[in-house]
Amino acid sequence: MDLIYTNEAKEDINVLQGYVLDLAFGMDENDFECSINRSRHCCKKGYFLYIENTEYGGIIDDIGVDTDADEIVYYGRTWHGILNSKVLEPDTGEDYLILSGEANNVLNFLITRMGVSALFKASTTDSGINIKNYKMNRYIEGYDGIRKMLKAFGAKLNIRFREGFAELSAMPFVNYSKDEQFDTDQIDFKIKKKGNPINHVICLGKGDLAAREVIHVYADASGNISNTKIFTGIDEVTAKYDNSTAESTTDLRQGGIDLITKSWSSDEIKFDFTTDAESYDVGDIVGASEFVTAVEISAEITKKIVTIKDNETTISYKVGE
């Protein structure tokens, strides 16, 4: 793979020779290290590295020297990390940034809002994904906010560096667990399936004692939110949500809903797996099964770790939080 380096103006200079590139992006890190022999040192801070038509690349922030290994190491943020160096905040006087529209148009709006149009652009293709009145978390980092928004509408973020720009596009995430699952013959993993998630939340808002605002939120047997109490006795699992600063009844109720949602999605799946194929993306769903207990579980890919050495690419994935 040709790893191209550019100057600060994104003007191509040449192809890096004899490099080892390590990148990690997703729920954390979002950075890279690129090592070359000291005799091949050619980059400066502010230069960009990229592999055309892939999501591999970013900006060089620091340069290190390892004299023992006779290496120069370029450290930097991936495209994902650059986006996460920006914070999405509401407009002055507004509680939240509310977003609606075709997903790629929304991405274009966010790119402009974050002030990164010189490096990023959004696909002009209609994604078929419609964002409806999405309330962006207050003061959330750019990449994290975009991922969370798209996930709410069954989508994932695709990044490809093309013709001088890191192009963002929204795509439906793929649920591979429906067609294929890992088992103990393929990988080692730890799984724990939640048996009794919360199905009743008592939301406590403003006020004191008998005057305190109280809202009850319930869930049915599938985890769907309900205004009606469904479970009783030992089947009822109740939790308390305490927020005396909730601005509205809607916000208070949403806190209870979030607590139920988190409990119902608290199945644990922890495994790493490696492949030479680029089959999976951050945001896709994979599953695992274990034959003794007959436990089956699925979870989101939250991190992708890529190593490129001697034109060979190895990709590892982390699943779950």
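**Setting up.** I worked with a predicted model, where local features need pLDDT of at least 70, side-chain atom pairs count only at pLDDT 80 or more, and totals for chains, interfaces and linings use all residues. Residues are numbered from 1 along each chain as its sequence is written, and side-chain values use heavy atoms, with hydrogens and water left out.

**Count.** I looked up the salt bridges (a side-chain nitrogen of Lys or Arg within 4 Å of a carboxyl oxygen of Asp or Glu). The structure holds 15.

**Asp251 and Lys135.** I found these two side chains joined in a salt bridge, N to O 3.8 Å. Asp251 sits in helix H4 and Lys135 in strand S11, so the pair ties together parts 116 residues apart in sequence. Helices (H or I, at least four residues) and strands (E, at least two) are DSSP runs, numbered from the N terminus. I then checked exposure: buried means under 20% relative accessible area, exposed over 50%, partly exposed in between (1.4 Å probe, protein chains only). Asp251 is partly exposed at 21%. Lys135 is partly exposed at 37%.

**Arg147 and Glu300.** Here the closest N and O atoms of the salt bridge are 3.2 Å apart. Arg147 belongs to helix H3 and Glu300 to strand S22, so parts 153 residues apart in sequence are tied together. I noted both residues as buried.

**Asp284 and Lys156.** I read 2.9 Å between the closest N and O atoms of this salt bridge. Asp284 lies in the loop between strands S20 and S21, and Lys156 in strand S13, so the pair links parts 128 residues apart in sequence. Asp284 is buried at 0%. Lys156 is buried at 6%.

**Network.** I traced Asp284 and Lys156 into a network of salt bridges that also links Glu55, Asp281 and Lys304.
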